Structures are given as structure tokens and as C-alpha cells.
Amino acid sequence: MNFYEERLLELQKLIDQNEIEQALKLINEELSMPYVPKDFEDDLIKLRTRILVEKINNEEHHLSSDKIFSLIKSDQTDLVEKVGLVKQLEESNLRKHISELQDLLNSDLTNEVKMMIIYLLNQQGINNDFNYKKNSKTLKINPMTFDFQTQEMVPLETIKLIDDELGSFSPQLVEMGKQIMVSLYGKLFPIQNEIDCAILAKAIIKIVYELNDLPYNSNNGLDENKINEYKQMIKDLEVI
């Protein structure tokens with residue numbers, strides 16, 4: 001058993017013993033090391049995400065809606081925790097919190113969290129116009145008239161193309177490509193410019209190959225310059 005396997009066993013033991021804070025501290029220490037093997041890093045991130053989600057599920061039901069909104073706004077709350085907090089709002093009557101939700105959508109809050117709020121508003125049938133701040137622009141979005149189907153076709157079609165090309169080669173690479181696409185969708189939402197799903201899929205596949213030090217076959221009949229533009233867009237959005 002090597003060092004990394006022993007460390008993962010140690011972390012699992014801490015979690016089983018409910019030593020959550022110690023486990024999180026150790027995970028963060030390992031992730032801050034100058035060199036972290038990719039597989040070990042993935043395992044650490046999965047463990048940390050699981051811990052934080054379980055922590056939120058165990059604790060946040062004691063919080064009032066006002067406290068949840070406050071924590072979502074806080075710079076001290078990380079993205080995983082914010083996502084869990086927004087999920088807690090599913091149990092609330094959001095019609096009572098229109099102004100608080102508008103404040104969040106018009107703030108500098110991470111776009112992935114704002115996207116979740118729009119989905120929740122749609123699920124609760126709230127037919128209001130909201131200002132949605134994205135970068136330097138402010139958009140008008142009504143959750144009941146917003147075209148979710150067209151928006152969602154981009155990740156769905158792109159993931160299908162990734163699966164078609166990589167599925168028979170490596171399920172692990174397919175999963176990596178899907179994760180990149182899901183994260184990218186959160187960054188792009190709401191999608192305003194036309195996306196070529198074939199080009200986007202190839203750009204993601206190229207990134208997956210490069211991340212795994214695999215040779216990339218550019219002979220695909222697609223515009224390689226356009227593929228590289230999409231690849232750069234993904235990097236600029238800090239998806240990877």
C-alpha cells in the first residue's frame with residue numbers, strides 16, 4: 001500500500017469517526033501540496049464534496065430562510081456549500097422571498113448558483129421578471145417563459161457526441177468530458193450566442209486527451225481553429 005492509499009484510508013477513518021473538521025483540514029492540506037497525483041486529487045475532491053454536502057444536509061434544516069440567504073451571499077461560503085444552501089430553498093415558499101432572490105440574481109454571485117435559483121423559481125411557477133447579472137451585462141429573465149429546452153439541448157447534444165466518440169474507448173474519459181460540459185453549462189447559462197455542439201464536443205475531447213497525455217487526432221473534418229477557439233473559451237471561463 002502506497003502513501004496515497006494510506007492517506008485515503010486515514011481520511012475515511014476520520015469520516016467514519018465523525019471527525020469531520022479534522023478530515024477537511026487534512027484534505028485541504030493535501031490539495032495544497034506542490035504535487036498531487038491526478039487520481040489522488042480526484043479522490044480528495046470527491047471526499048471533500050461529500051463531506052460538505054452531508055454537513056449541509058445535517059445542519060442547514062435548522063436555519064431560517066434569512067440565514068440561508070445570508071450564507072449564500074457570504075464570501076466565506078464556498079461554491080459547494082452555496083449549492084447545498086440553494087437546494088435547501090426547495091422546501092421554502094419562494095414567493096415570500098422575491099426581493100431576496102432578486103438581490104442574489106443581481107449580485108456578483110457565482111453564475112452556477114444563479115442558474116440553480118432560476119430553475120427553482122421555474123419549478124415553483126413564479127411568473128416574475130428578474131434582473132439577472134452576468135459579468136458586465138444585466139439580462140431580463142422570467143422563469144416561466146424562459147426557454148429551458150433550447151438551453152439544455154447544448155449540454156445534452158454535446159454529451160451525446162462525447163459519448164459517441166469516447167464511449168467505446170474509455171468510460172473514464174467520457175465521465176471527465178461530461179463533467180467539463182456540466183461545469184461549462186453552469187458558466188455559460190443563460191446561453192445567448194449560438195453554440196456549435198459538434199465543435200464544442202471536439203474541443204472538450206481535445207482537452208480530455210491533453211489532460212490525460214493522450215495523442216489527439218485532429219483529422220475530424222471540423223475547423224481546427226474553431227475547435228481551439230472553443231477550447232480557449234473553456235479555459236477562459238476557468239472550467240478547467
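Visitor: Is phenylalanine 146 buried or exposed?

Guide: Buried. This is a predicted model, and in it phenylalanine 146 has 18% relative accessibility. Buried means under 20%, so phenylalanine 146 counts as buried.

Visitor: Where does phenylalanine 146 sit?

Guide: Phenylalanine 146 is in the loop between β2 (137–141) and α8 (148–166).

Visitor: Which residue forms an aromatic pair with phenylalanine 146?

Guide: Phenylalanine 189 does. The ring centres are 5.5 Å apart, with 65 degrees between the planes. That pair is edge-to-face. It links distant parts of the chain, 43 residues apart. Phenylalanine 189 lies in the loop between α9 and α10.

Visitor: And phenylalanine 189, buried or exposed?

Guide: Buried, because its relative accessibility is 0%. Phenylalanine 189 also pairs with tyrosine 185. Their planes are at 80 degrees and their centres 6.0 Å apart, so this pair is edge-to-face. Tyrosine 185 is buried too.

Visitor: Which residues make up the ring cluster?

Guide: Tyr119, Tyr132, Phe146, Phe148, Tyr185 and Phe189 are linked into a cluster by ring pairs.

Visitor: How many aromatic pairs does the structure hold?

Guide: Nine.

Visitor: What joins phenylalanine 189 and proline 190?

Guide: A cis peptide bond, with omega about -15 degrees. Most peptide bonds are trans. Proline 190 is in the loop between α9 (171–188) and α10.

Visitor: New topic. Which residues have the most contacts inside the largest nonpolar core?

Guide: Ile72, Ile117, Leu121, Leu200 and Ile234. That core has 53 residues. Helix α10 (residues 197–211) gives the largest share, 10 residues.

Visitor: What does leucine 200 touch?

Guide: Leaving out residues up to four places away in sequence, leucine 200 touches Val154, Thr158, Met181, Leu184, Ile195, Tyr230, Met233 and Ile234.

Visitor: Which residues does the second core include?

Guide: Among them are Leu14, Leu24, Leu26 and Leu47. This second core is separate and has 14 residues.

Visitor: Now helices. At what angle do α4 and α6 cross?

Guide: Roughly 5 degrees. Their axes come within 11 Å. Here α4 is residues 65–73 and α6 is residues 98–105. Angles under 35 degrees count as roughly parallel, so α4 is roughly parallel to α6.

Visitor: Which residues meet there?

Guide: From α4, Asp66, Phe69, Ile72 and Lys73. From α6, Glu100, Leu101, Asp103 and Leu104. By class, the contact has four nonpolar, four charged and no polar residues.

Visitor: What about glutamate 112, buried or exposed?

Guide: Glutamate 112 counts as buried because its relative accessibility is 13%. Glutamate 112 is in helix α7 (residues 111–123). Beyond residues up to four places away in sequence, glutamate 112 touches Leu79, Gly186 and Lys187.

Visitor: Why does aspartate 213 count as exposed?

Guide: Because its relative accessibility is 72%, and exposed means over 50%.

Conventions: Residues are numbered from 1 along each chain as its sequence is written. This is a predicted model: local features need pLDDT of at least 70, side-chain atom pairs count only at pLDDT 80 or more; totals for chains, interfaces and linings use all residues. Side-chain values use heavy atoms; hydrogens and water are left out. Helices (H or I, at least four residues) and strands (E, at least two) are DSSP runs, numbered from the N terminus. Buried means under 20% relative accessible area, exposed over 50%, partly exposed in between (1.4 Å probe, protein chains only). Contact means heavy atoms within 4.5 Å. Axes are lines fitted to C-alpha atoms, for helices over the stretch in contact, and angles run from 0 to 180 degrees between N-to-C directions. Angles under 35 degrees count as roughly parallel, over 145 as roughly antiparallel, 65 to 115 as roughly perpendicular and the rest as oblique. Ala, Val, Leu, Ile, Met, Phe, Trp, Tyr, Cys and Pro count as nonpolar, Asp, Glu, Lys and Arg as charged, and the others, Gly among them, as polar. A nonpolar core is a set of buried Ala, Val, Leu, Ile, Met, Phe, Trp, Tyr and Cys residues joined through side-chain atoms within 4.5 Å. Rings of Phe, Tyr and Trp (its six-membered ring) pair if their centres lie within 6.5 Å; planes under 30 degrees apart count as stacked, over 60 as edge-to-face and the rest as tilted.
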